[in-house]
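Colleague: I'd like to learn how to read this model feature by feature. Can you walk me through it?

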Amino acid sequence: MIPAGTAREHGLTKPSPATDGPPLRIDGLVVDLPGPRGTRVRVVDGVSFDVPRATTVGLIGESGSGKTMTAQAILGLPPEGATLSGRLLWHGEDLIAADPPRRRAVRGREIAMIFQDPLAALNPTQRIGRQVGEIPRRDRLPRAEVSRRVVELLDRAGVPEPKRRMRAYPHELSGGLRQRAMIAVALAGKPSLLLADEPTTALDVTVQSRILRLLADIQETEGLSMLLVSHDLRVVSHVAERVVVMYAGRVCERGPARDVLRRPAHPYTAALVRSVPAVRTRTALADPLPGAPATPANRPAGCAFHPRCPLARARCRGEVPAVREVAPGRWSACHFAQEVLGP
Amino acid sequence: MIRMIVQRLLIGVFVMWGAASLIFLIVRAAPGDPATVLLGPDADRGRIDELRATLGLDRSLGAQYLSYLGDVSRLDFGESHRLGRPAMDAVLDRLPATIDLTLTATAIAVIVGLTLGLLAGGRPGGPLDRVVSACTIALQSFPTFWIGIMLVLVFALGLRLLPSSGVGTPQHLVLPAVTLSFPFIAIIARLTRTSIAETMREGYVRTARSKGLTERQVLVGHALRNSLIPVVTVVGVQVGALVGGAVIVENVFAWPGLGSLVVDAVANRDYAVVQGVTLLIAGIVVVLNLMADLLIAQLDPRIRTGAV
């Protein structure tokens, strides 16, 4: 048993902002899950990317691409039976090698997560205020101070009338307010990295953009780093400065958001961009991606995307492409990235 | 909330009516009637008919039923012809002993059952879970009377720690209460285990973990209350069944409660006492279920505010 004070002490010694390099560097992350009949399924296969300071990184992929699993691995809460390897360097410290108490100390206080479905993610039997104030309360702050913090956090998350709403139960709030409460929960430990896993997917369309704007605003004013996990290219393109595109557990492409979405260096990214209907221009219907997405359980040999790729040739079927720098700041895992990029 | 209570009470009245009617039919369906039992097999026909008329048993079943319902609705539960006193008086005399026994057994079962369920459910599939599962299956499989006799053999006759039967001191309560609690412990432990294990997979438990809480803080602070909701429902229903189970245990330990009274009454076709005991137990079950519902509303704000 760990002494009760340990976690708190860890939480207070936040890494100094003077550390060089990105706060989070993911280096060859591998996540294996137990599959049927004792097999292991590699759901994340050698993923590497950085989350720089005070920057939003969008992590894009279809379901089964391993994007959520990557976020859960960073938080240190992968599904039961998962094994992690590679390195998750948090201010230079490898979190995969860290012991459970250290992992807990980072969780919530340095790295926090916003979940997809706020109704499921909030405790139905506890008032919002109690859930938002849990970390300050466990820090033994005086009650008045805890409730002042709760009001402040709810207000920061854009919950109107926070003094009244902190008394409400989750089911008494609208979906948008619930997600705002969830954001307040995530901010309560004063994290420096926010993981947002499809934060708007469960919400009404009209509420989605407001929540996105709130997240972008909080990220900017608090100087947070944010990893925004989404299947929705438009969501990511609105807020992220950098993007990482994943397919079947591997990174296809990463780079500055504008460049990647304007001039993809991987056929999968290009196909994704084409599949998004352009709302304003009223041009032809979007081009859906041909074929079904590969799943980690039966990942094609070579480049996992080759069965759906218009450029696929013999080399793609036999050789797994490495992620390499194909233009300044642009990384792609396509053997023929230059061809995709064009002149 | 008030609507719910009124609704449950109305349902309760229906349940009582159903119980009253069923037991009325069952006692009369049993072969033999009070007159033949009282006067013995050799009594002559005329005297039996005379007694039947005094007891009102010569009337049609329908007429008996209607006057019975009328009496019961005025809280008149009839005379025990055997004991020569109002049936409910005899029943209420025995009630405290049964309440002592069932409440003690319930307390033991809730404390031990919840603890075992928590230990097992905190880590499903772990070594503790396996041990607890094996124990609960054993507890549930052995019949109550056998457990009672084994406990008497070990603790009363073997170790001479506790009295084997009768009443008087708190020590007298131990063996019957423990015996009665065993199957109930198993039910509560298994249910708590399943409920906790399920709750620990909920989204809000993941949120609690994402706050950097220890597993114990997550369990106590977030999972426990929510996983108790199904347990409370079942405990409410099962305490009623426990009163029924008490009948057997009371006979094993010569405990002077409702159990021994009702066995005696059934053997002697003492209709009024059998009906009185049944109605009392039915009433207790109705009240306990209402209390369980109120407690659940207290545990789950969604029910309190009528959202579910």
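Colleague: How many Å separate the centres of domain 1 and domain 2 of chain A?

Modeller: Domain bounds come from an automatic or database domain assignment. Here the centres, taken over C-alpha atoms, are 29 Å apart. Domain 1 covers 4-12 + 22-110 + 191-341 of chain A, and domain 2 covers 123-190. Keep in mind that this is a predicted model: local features need pLDDT of at least 70, side-chain atom pairs count only at pLDDT 80 or more, and totals for chains, interfaces and linings use all residues. Residues are numbered from 1 along each chain as its sequence is written, while chains are lettered from A and ligands numbered from 1 in the order in which they are written.

Colleague: Which residues make the contact between those domains, by number and class?

Modeller: Two residues are in contact if their C-beta atoms, placed from the backbone, lie within 7 Å. The contact takes 14 residues from domain 1 of chain A and 12 from domain 2 of chain A. On the domain 1 side, helix α10 (residues 205-222) of chain A gives the most, with 5 residues; helices (H or I, at least four residues) and strands (E, at least two) are DSSP runs, numbered from the N terminus. That side of domain 1 of chain A divides into 9 nonpolar, 1 polar and 4 charged residues. For the classes, Ala, Val, Leu, Ile, Met, Phe, Trp, Tyr, Cys and Pro count as nonpolar, Asp, Glu, Lys and Arg as charged, and the others, Gly among them, as polar.

Colleague: What is the strand order in the 8-strand sheet?

Modeller: Two strands pair if DSSP finds at least two bridges between them. In chain A the open sheet runs β6-β7-β8-β3-β9-β10-β12-β11, with mixed pairing. β6 and β11 (324-327) of chain A each have a single partner strand, so one side of each is left without a neighbour in the sheet. Neighbouring strands are turned by 20 degrees against each other on average, direction ignored. Axes are lines fitted to C-alpha atoms, for helices over the stretch in contact, and angles run from 0 to 180 degrees between N-to-C directions. Helix α2 (residues 67-75) of chain A packs on this sheet, and its direction makes about 145 degrees with that of β7(A).

Colleague: Last one: is Gly259(B) buried or exposed?

Modeller: Gly259(B) has 26 C-beta neighbours inside 10 Å, so it counts as buried. Gly259(B) sits in helix α11 (residues 258-267) of chain B.

Definitions and conventions:
Buried ≥ 20, exposed ≤ 12 C-beta atoms within 10 Å, placed from the backbone.
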